[in-house]
Amino acid sequence: MGSLYDVIGGLFLVAGTSFLLLGSLGLVRMPDIYNRIQAGTKATTLGTLLTLLGVAFFQPAWSLKLLLIGIFLIFALNMAGVFEIGAS
């Protein structure tokens, strides 16, 4: 059963890093500030949460800690991205 968790965790890690890559490309490619804010915050938050979920499949003992980190990041990443890009 451990190898099934490894495969699922690996898929979540690949999906998470793909969203992070696409979100960073969206910051470069989007034409105006509002589209850049949306691309940066939504894709980065989803990519980070998928990456944390993948790590939870590799290390099940860390699940509660990763859940708390994920809840914190839902609030912190969205607000930090909006303020940082909106101020520039």
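Of the 88 residues of the protein chain, 24% count as buried. Buried means under 20% relative accessible area, exposed means over 50%, and partly exposed lies in between, using a 1.4 Å probe and protein chains only. This is a predicted model, in which local features need pLDDT of at least 70, side-chain atom pairs count only at pLDDT 80 or more, and totals for chains, interfaces and linings use all residues. Residues are numbered from 1 along each chain as its sequence is written, and side-chain values use heavy atoms, with hydrogens and water left out.

**Stop 1: the whole chain**

Show the chain as a cartoon. It has three helices and zero strands. Read from the N terminus, the elements run α-α-α. Helices (H or I, at least four residues) and strands (E, at least two) are DSSP runs, numbered from the N terminus. Colour residues 2-29 for helix 1, residues 33-58 for helix 2 and residues 63-87 for helix 3.

Now think about contacts. A contact means heavy atoms within 4.5 Å. Take the contacts between residues at least 6 apart in sequence: 73% of them join residues at least 24 apart.

**Stop 2: helix 1 against helix 2**

At what angle do helix 1 and helix 2 pack? The angle is about 165 degrees, and the axes are 7 Å apart. Helix 1 is therefore roughly antiparallel to helix 2. The axes are lines fitted to C-alpha atoms, for helices over the stretch in contact, and angles run from 0 to 180 degrees between N-to-C directions. Angles under 35 degrees count as roughly parallel, over 145 as roughly antiparallel, 65 to 115 as roughly perpendicular and the rest as oblique.

Helix 1 passes helix 2 in a left-handed crossing. That term applies if the near helix is turned anticlockwise from the far one by less than a right angle; clockwise is right-handed.

**Stop 3: G16**

Select G16, in helix 1. Is G16 buried or exposed? G16 is buried, because its relative accessibility is 0%. Leaving aside neighbours within four places in sequence, G16 is in contact with G47, L50 and T51.

**Stop 4: the aromatic cluster**

Select Y5, F12 and F57 and show their side chains. These residues form one aromatic cluster. How many aromatic pairs does a search of the whole structure find? The search finds two. Rings of Phe, Tyr and Trp (its six-membered ring) pair if their centres lie within 6.5 Å; planes under 30 degrees apart count as stacked, over 60 as edge-to-face and the rest as tilted.

Start with Y5 and F57. Their ring centres are 6.0 Å apart and their planes stand at 45 degrees, so the pair is tilted. Y5 lies in helix 1 and F57 in helix 2, so the pair ties together parts that are 52 residues apart in sequence. Y5 is partly exposed at 39% relative accessibility. F57 is partly exposed as well, at 23%.

Turn to F12 and F57. Here the ring centres are 5.6 Å apart and the planes are at 15 degrees, so this pair is stacked. F12 is in helix 1 and F57 in helix 2, 45 residues apart, and the pair links distant parts of the chain. F12 counts as partly exposed, because its relative accessibility is 25%.

**Stop 5: T48**

Move along helix 2 to T48. T48 is buried, with a relative accessible area of 19%. What does its side chain reach? The side chain of T48 reaches the backbone oxygen of T44 at 2.8 Å. Not counting residues up to four places away in sequence, T48 touches L20, L73 and L77.

**Stop 6**

A76 is partly exposed, at 26% relative accessibility. Draw a line to T45: the C-alpha atoms are separated by 9.4 Å, and the residues are 31 apart along the chain.

Return to helix 1 for L4. L4 is partly exposed, at 44%. From L4 to F57, 53 residues along the chain, the C-alpha atoms are 9.5 Å apart.

End on L25, also in helix 1. L25 is partly exposed, at 45%.

Terms used:
A polar contact is a pair of N or O atoms within 3.5 Å; within protein, one must be able to donate a hydrogen and the other to accept it, and residues adjacent in sequence count only if both atoms are side-chain atoms.
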